[in-house]
Amino acid sequence: MIRKLIISAKAPKGTLTLLGNYYDKRTRKNLHLVENGKRVITEMEYDDYTKQFDILLTDASTFTLEYDDSSKNESAVVDFYLNHPLCTNVNHTNPNLVSPLFIVVMQHMIVENEISSMNENLDTAIKCLSLGFDEKHDLAFALGIDARGLTHKELVSRLVGPNLTGDAIKQKHVFDHYYDSLETDRKVKVYVTKAITTGIIQQENGYYRVGGRTLGSQERDVIDMCNSDKDFFYGFIVPEVDKVVDVPNEKLDDYVETDITSVVSDKLEGVRKIRAKKNAIIDKLIV
């Protein structure tokens with residue numbers, strides 16, 4: 001397939017030259033770019049009659065290379081640029097990098113990454129929508145959102161967002177941990193976040209404290225404390241939080257199935273079945 005590679009200089013002004021030769025640490029060979037940038041050869045093949053191909057970039061100019069990724073020679077040229085000591089690419093680790101004066105952009109990788117990211121965001125949105133009202137309410141707190149008084153639609157708007165830019169998407173790692181964790185771990189996470197949000201657990205001088213007890217400097221420390229001290233968690237944190245954070249009122253559940261397209265509804269049903277099977281397996285293991 002025909003692909004496109006674009007090379008630009010990091011400096012907005014001035015003239016920079018990208019020399020068509022360097023020592024490759026991987027192959028332990030001196031490489032040269034020849035034949036107007038169409039072929040890569042080694043030092044053994046290079047002679048005085050061979051003309052090296054260099055790139056001269058002035059100000060904001062760019063160099064564009066169209067190549068066939070099924071061609072071995074043309075792919076070798078792409079590899080030459082990606083591993084040049086003066087070139088950097090966001091999707092590639094350059095073992096020869098010395099000074100990133102030039103940026104290599106591969107157009108198809110940008111598109112593929114965008115599609116991959118979009119698929120991940122859509123998957124997160126579908127999982128989020130599969131949760132019930134109470135679960136979304138708890139998820140919101142787990143993501144640091146004070147969900148008190150929010151309607152079901154408002155929760156969906158905050159968690160998913162109109163353009164897949166909601167908190168569940170932006171904090172995907174937190175969502176994934178919440179979604180995949182056991183019920184007990186999920187409960188501790190939610191109650192700790194509720195306690196911090198409502199001021200039951202306060203942060204003083206860089207440490208979380210409650211009732212004169214220091215719980216740690218990070219939220220993770222507080223969660224670990226509650227997991228290890230069940231009496232503290234169930235005897236103090238849970239009842240104190242329940243006093244100030246009520247179960248979401250049914251009147252706030254204004255989200256109906258017609259708000260979701262039939263296609264998404266089918267996917268949600270599949271997700272629900274998978275979660276039901278997973279919970280059943282976990283229940284058997286716990287018993």
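## Helix packing and salt bridges

In this predicted model, residues F133, K136, H137, L139 and A140 of helix α3 meet H152, L155, V156 and L159 of helix α4. Sorted by class, this contact has 6 nonpolar, 2 polar and 1 charged residues.

Now for the charged pairs. Side chains of opposite charge can pair when their charged atoms come close.

| Salt bridge | N to O distance |
|---|---|
| K194 and D138 | 3.1 Å |
| D167 and R158 | 3.8 Å |
| E240 and K243 | 3.0 Å |

The salt bridge between K194 and D138 leads back to α3: K194 sits in helix α7 (residues 183–197) and D138 in helix α3, so the pair ties together parts that are 56 residues apart in sequence. K194 is buried, at 7% relative accessibility, whereas D138 is partly exposed at 25%.

In the D167 and R158 pair, D167 is buried at 16% relative accessibility and R158 is partly exposed at 37%.

E240 and K243 are both in helix α9 (residues 230–244); being 3 residues apart, they are separated by about one helical turn. E240 is partly exposed, with 25% relative accessibility, while K243 is exposed at 61%.

Finally, there is a network of salt bridges that links D24, R26 and D79.

How values were computed: Residues are numbered from 1 along each chain as its sequence is written. This is a predicted model: local features need pLDDT of at least 70, side-chain atom pairs count only at pLDDT 80 or more; totals for chains, interfaces and linings use all residues. Side-chain values use heavy atoms; hydrogens and water are left out. Contact means heavy atoms within 4.5 Å. Helices (H or I, at least four residues) and strands (E, at least two) are DSSP runs, numbered from the N terminus. Ala, Val, Leu, Ile, Met, Phe, Trp, Tyr, Cys and Pro count as nonpolar, Asp, Glu, Lys and Arg as charged, and the others, Gly among them, as polar. A salt bridge is a side-chain nitrogen of Lys or Arg within 4 Å of a carboxyl oxygen of Asp or Glu. Buried means under 20% relative accessible area, exposed over 50%, partly exposed in between (1.4 Å probe, protein chains only).
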